[in-house]
Amino acid sequence: MKLQNHLDIFPGNTTQISPDIAYFEDEKKIIFFNATMPIFFLDKNDSKAKRIAAAMLSSLSLLKINVISKVLKIHRNTVSRNKKIIEEKGLSELVKEKPK
């Protein structure tokens, strides 16, 4: 028995990357969608937002690390490291400014 119907109502050029997740990308933004609505919206030039998106999508097991890496154009080791940080220390540690 199917628990949820999927409504394929996405903007043009949306790419399905898992049975439940799709993404849309243009020159300025990336939007991740679940079956019915946007779940994460980020500016392509915002590295902090990319770290958060990678950590959340991987930690919640919504996407595989290699898929996240490809879509966000960040190394898979970075995705794994961010996932570990958010799971062990929380979001505030992930977005903390690093000393220069």
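Reader: Why is Lys96 called partly exposed?

Author: Lys96 has a relative accessible area of 48%. Buried means under 20%, exposed means over 50%, and partly exposed is in between, with a 1.4 Å probe and protein chains only. Lys96 is therefore partly exposed. The model is a predicted one, in which local features need pLDDT of at least 70, side-chain atom pairs count only at pLDDT 80 or more, and totals for chains, interfaces and linings use all residues. Residues are numbered from 1 along each chain as its sequence is written, and side-chain values use heavy atoms, with hydrogens and water left out.

Reader: What makes Lys96 and Glu93 a salt bridge?

Author: The term requires a side-chain nitrogen of Lys or Arg within 4 Å of a carboxyl oxygen of Asp or Glu. Between Lys96 and Glu93 the closest N and O atoms are 3.0 Å apart, and the pair forms a salt bridge. Glu93, at 30% relative accessibility, counts as partly exposed.

Reader: How many salt bridges does the structure hold, and what joins Glu25, Lys44 and Lys73?

Author: The structure holds four salt bridges. Salt bridges that share partners join Glu25, Lys44 and Lys73 into one network. In one of these pairs, Lys44 and Glu25 have their closest N and O atoms 2.8 Å apart. Lys44 lies in the loop between strand 4 and helix 1 and Glu25 in strand 2, so this pair ties together parts that are 19 residues apart in sequence. Glu25 also forms a salt bridge with Lys73, where the closest N and O atoms are 3.4 Å apart. That pair links distant parts of the chain, since Glu25 is in strand 2 and Lys73 in the loop between helix 2 and helix 3, 48 residues apart. Helices (H or I, at least four residues) and strands (E, at least two) are DSSP runs, numbered from the N terminus.

Reader: Which residues of helix 2 are buried, and what do they pack against?

Author: Ile68, Ser69, Val71 and Leu72 are the buried residues of helix 2. Their packing partners are strand 2 (22-25), strand 3 (29-33), strand 4 (38-43), helix 1 and helix 3 (76-88).

Reader: What makes Leu62 partly exposed, and to which surface patch does Leu62 belong?

Author: Leu62 has 34% relative accessibility and therefore counts as partly exposed. Leu62 is found in the loop between helix 1 (47-59) and helix 2 (65-72). With Met37, Ile39, Met56 and Leu60, Leu62 forms a nonpolar patch on the surface, with about 420 Å² of accessible area together. Patches are made of residues with over 30% relative accessible area and no salt bridge; like charges are joined within 9 Å, and nonpolar side chains (Val, Leu, Ile, Met, Phe, Trp, Tyr) within 5 Å. Accessible areas come from the Shrake-Rupley method with a 1.4 Å probe, and for residues only the protein chains shown count as cover.

Terms used:
Contact = heavy atoms within 4.5 Å.
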